[in-house]
Amino acid sequence: MKTPAYPATLGIMLLSLTLPATFLLTTLLTTTDAHSATWRETKCTLYQDNRDETRADMPANATSNAFNEQEDAFIASGCTERIYVCPHSKAELAYANLMSIKMMNAGATGSFLPFVCEGGLQTDQPTQ
């Protein structure tokens, strides 16, 4: 009595489907460090894009030169250096809050953001 070829055919088909998936999974798991570096670069690009979009909707002089210079230095570092971008005016605080929301919605954590004041937040104007 002959046995049907179905088990062998089915086995070959399953193997041909699982080998590429196994290779892909192995590749993803072995490139974790490379992914982390790429994510840092991606966050910085997202930050710059969100910054450009947000500032396009703001009046030209809504933020001070000092605030702008601090933020520029953060971006110039590749968004890796701990550079304090401290909001002092109501407009700067609103901008920092909006950027924080946009970046966290994009997947960045709050610790990525540069909006910190040494000694705590002290705005020149009331925030409410």
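This is a predicted model: local features need pLDDT of at least 70, side-chain atom pairs count only at pLDDT 80 or more; totals for chains, interfaces and linings use all residues.

Residues are numbered from 1 along each chain as its sequence is written, and side-chain values use heavy atoms, with hydrogens and water left out.

Confidence first. pLDDT is the predictor's confidence in each residue, from 0 to 100; the protein chain averages 80, and 64% of the residues score at least 70. Helices here are DSSP runs of H or I with at least four residues, numbered from the N terminus.

Now the inside. A nonpolar core is a set of buried Ala, Val, Leu, Ile, Met, Phe, Trp, Tyr and Cys residues joined through side-chain atoms within 4.5 Å, where buried means under 20% relative accessible area, exposed over 50% and partly exposed in between (1.4 Å probe, protein chains only). The largest such core has 18 residues, and those touching the most other members include Tyr47, Phe74 and Phe112. Helix H2 (32-56), H3 and helix H4 (90-105) each supply at least two residues of this core, with H4 giving the largest share, 4 residues. Leaving aside neighbours within four places in sequence, Phe74 is in contact with Tyr47, Phe112 and Pro114, among others.

In H4, the buried residues are Glu92, Leu93, Tyr95, Ala96, Met99, Ser100 and Met103. They cover an arc of only 160° around the axis, so they sit on the same side of H4; the arc is that of the directions from the helix axis to the C-beta atoms.

Finally, the charges. A salt bridge is a side-chain nitrogen of Lys or Arg within 4 Å of a carboxyl oxygen of Asp or Glu, and by this rule there are 4. Glu71 pairs with Arg51, with the closest N and O atoms 2.9 Å apart; the pair links H3 to H2, 20 residues apart. Both partners are buried. Asp72 also forms a salt bridge with Arg51, at 2.7 Å, but Asp72 is partly exposed at 37% relative accessibility. Arg51, Arg55, Glu71 and Asp72 are linked in a network of salt bridges.

How values were computed
Contact means heavy atoms within 4.5 Å.
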